[in-house]
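Subject: Structure for your review

Dear colleague,

Please find below the structure that I am handing over to you, followed by an account of what was found in it. I would be grateful if you would read the notes with the model open beside them.

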Amino acid sequence: MTPSASTPAAPRYDGVAIAAHWLLALAIVLNLSLGFYMHDLELSPLRLRLFNWHKWAGITILALSALRLAWRLTHAPPADLPMPAWQRIAARAVHRAFYVLFFAVPLAGWGYSTAAGFPVVWFGVLPLPDWVPVDRAWAEALKATHRVAASTLALLVLLHVAAALKHHVIDRDGLLRRMRPFQR
């Protein structure tokens with residue numbers, strides 16, 4: 001959809017912000033899907049392999065989130081589009097919650113793995129430090145935290161997508177074009 005003659009072009013995010021958004025979006029959706037899928041699998045070589053992939057992806061998401069946050073803190077986003085105050089407040093709250101969860105979900109997962117006695121070795125090559133002691137109570141608490149945080153992240157992703165589609169289809173305010181890749 002192209003803007004009508006009466007709709008001014010929406011200010012866009014820069015290329016790095018757009019690339020980071022879509023790369024993290026893809027990684028997060030895939031890793032959430034993998035996590036929900038493997039959760040109920042019986043113990044098997046496949047389940048162990050999927051858990052390793054899930055951990056590797058989680059650590060990668062953690063690293064990319066740190067880079068994205070650093071970029072965001074040093075590069076101002078475009079100005080907000082006109083919208084009701086409640087929508088602007090909701091959007092900011094969801095974005096802040098995203099950043100918290102981008103860190104909380106993988107850190108809780110890493111901590112859970114460590115507390116359960118399973119070290120995290122990124123891509124089978126780089127051993128990561130154990131930042132919590134091996135402890136059954138810690139493992140259970142961090143497992144629950146990881147599950148709740150991941151479920152919350154999944155719900156916020158759905159809310160975010162629904163809001164973006166609402167702006168695109170109903171409001172036709174150009175909001176989605178601000179983050180669309182491969183557009184000049």
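Read along the sequence, the elements of the chain follow the order α-α-α-β-β-α, from 4 helices and 2 strands. Please bear in mind throughout that this is a predicted model. The C-alpha trace spans about 60 × 30 × 30 Å along its principal axes. Of the 184 residues, 33% count as buried. Among contacts with a separation of 6 or more, 72% are between residues 24 or more positions apart.

Helix α1

Helix α1 has 24 residues, and its first and last C-alpha atoms are 34 Å apart, close to the 34 Å expected at 1.5 Å a residue. The N-terminal end of α1 is capped by aspartate 14, which places a side-chain oxygen 3.0 Å from the backbone nitrogen of valine 16. The buried residues of α1 include Ala17, Ile18, His21, Leu24, Ile28, Asn31, Leu32 and Met38. What covers the buried residues of α1 includes helices α2, α3 and α4.

Helices α2 and α3

Two packed helices are described by the angle between their axes and the distance between the axes. For α2 and α3 the angle is about 150°, and the axes lie 9 Å apart. Their crossing is left-handed. On the α2 side the contact is made by residues including Gly58, Ile59, Leu62, Ser65, Ala66 and Leu69. The residues that α3 contributes include Tyr99, Phe102, Phe103, Leu107 and Trp110.

Helix α4

Does the length of α4 agree or disagree with its number of residues? Helix α4 covers residues 136-171, and at 1.5 Å a residue its 36 residues should span 52 Å; the end C-alpha atoms are 50 Å apart, which agrees. Aspartate 135 caps the N-terminal end of α4, with a side-chain oxygen 3.0 Å from the backbone nitrogen of alanine 137. Just after α4, arginine 172 takes a positive phi of about 50°.

The buried residues of α4 include Ala139, Leu142, His146, Leu153, Leu156, Val157, His167 and His168. Among the elements that cover the buried residues of α4 are α1 (15-38), α2 (45-74) and α3 (85-115).

Histidine 146 is located in helix α4. Its relative accessibility is 18%, and histidine 146 therefore counts as buried, the cut-off being under 20%. Leaving aside residues up to four places away in sequence, histidine 146 touches His54, Val105, Ala108 and Gly109.

Aromatic pairs

A pair of aromatic rings is described by the distance of the centres and the angle of the planes. The count of aromatic pairs comes to 5. One of them is formed by tryptophan 110 and tryptophan 131, an edge-to-face pair with 6.3 Å from centre to centre and 80° between the planes. This pair links distant parts of the chain: tryptophan 110 belongs to helix α3, whereas tryptophan 131 is in the loop between β2 (126-127) and α4, 21 residues apart. Tryptophan 110 is buried, with a relative accessible area of 13%, while tryptophan 131 counts as partly exposed at 42% relative accessibility.

A further pair is that of tryptophan 122 and phenylalanine 123. The ring centres of tryptophan 122 and phenylalanine 123 are 5.2 Å apart and their planes stand at 50°, so this pair is tilted. Tryptophan 122 is partly exposed, with a relative accessible area of 25%. Phenylalanine 123 is also partly exposed, with a relative accessible area of 46%. Together with Trp56, residues Trp122 and Phe123 form one aromatic cluster.

The loop between the strands

Where does glycine 124 lie? Glycine 124 is in the loop between β1 (121-122) and β2. With a relative accessibility of 52%, glycine 124 counts as exposed, because the cut-off for that class is over 50%. Glycine 124 and tryptophan 53 are 71 residues apart in sequence, and their C-alpha atoms are 9.6 Å apart in space.

Yours sincerely

Key
Residues are numbered from 1 along each chain as its sequence is written. This is a predicted model: local features need pLDDT of at least 70, side-chain atom pairs count only at pLDDT 80 or more; totals for chains, interfaces and linings use all residues. Side-chain values use heavy atoms; hydrogens and water are left out. The expected span of a helix is 1.5 Å times one less than its number of residues. Buried means under 20% relative accessible area, exposed over 50%, partly exposed in between (1.4 Å probe, protein chains only). Contact means heavy atoms within 4.5 Å. A polar contact is a pair of N or O atoms within 3.5 Å; within protein, one must be able to donate a hydrogen and the other to accept it, and residues adjacent in sequence count only if both atoms are side-chain atoms. Rings of Phe, Tyr and Trp (its six-membered ring) pair if their centres lie within 6.5 Å; planes under 30 degrees apart count as stacked, over 60 as edge-to-face and the rest as tilted. Axes are lines fitted to C-alpha atoms, for helices over the stretch in contact, and angles run from 0 to 180 degrees between N-to-C directions. A crossing is left-handed if the near helix is turned anticlockwise from the far one by less than a right angle, and right-handed if clockwise.
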